Amino acid sequence: QVQLVESGGGLVQPGGSLRLSCAASGFTFSNSAMSWFRQAPGKERELVAGITSGGGTNYADSMKGRFTISRDNAGNMVYLQINSLKPEDTAVYYCNAIVTDYWGRVYAYWGQGTQVTVSS
C-alpha cells in the first residue's frame, strides 16, 4: 500500500532552517508528482511547493524564495528545505503524492504530517 512518512520537523528559532523529508513507498515514485502542503492552526491546508516526475518545480507565490523542494528518485524521497523561518511558518507540513494507476485513475495520498514550530 502507499505510504508517505514525513520527518524533520521540530522547534526552531526564527531565522533558522529545517529540511523536511518524506519517504515514499508502495507506488512507482519516479512516475509521480509530489508536493508539500501545510496547515496552520485554524487555517485551511495550503500548497507550499510541488515537483513533477521530471523534476520541474512550482511554488505558491507566498513561498517563493525561502522554500526549496527536491526529490531523489533512487531513494524514493522528497525534501523541503525551509530557510529564514518565521513564526508564521508554524504549521503541520504534509507530503502529498499524485499516483496514476494502470487504468489511468488518479489518486492523491497524504502522509501523517510533521509539526514545524517557529518560536523563540
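Q: Before we look at side chains, what do buried and exposed mean here?
A: Buried means under 20% relative accessible area, exposed over 50%, and partly exposed in between, with a 1.4 Å probe and protein chains only. This is a predicted model, where local features need pLDDT of at least 70, side-chain atom pairs count only at pLDDT 80 or more, and totals for chains, interfaces and linings use all residues. Residues are numbered from 1 along each chain as its sequence is written, and side-chain values use heavy atoms, leaving out hydrogens and water.

Q: Thanks! So are D61 and K64 buried or exposed?
A: Both are exposed. The side chains of D61 and K64 also form a salt bridge, at 3.3 Å from N to O. That term means a side-chain nitrogen of Lys or Arg within 4 Å of a carboxyl oxygen of Asp or Glu.

Q: Which residues are joined into one network?
A: R38, E46, R66 and D89, through salt bridges that share partners. E46 pairs with R38, with the closest N and O atoms 2.8 Å apart. R38 is buried at 9%, while E46 is partly exposed at 33%.

Q: New topic: why does V106 count as exposed?
A: Because its relative accessibility is 52%.
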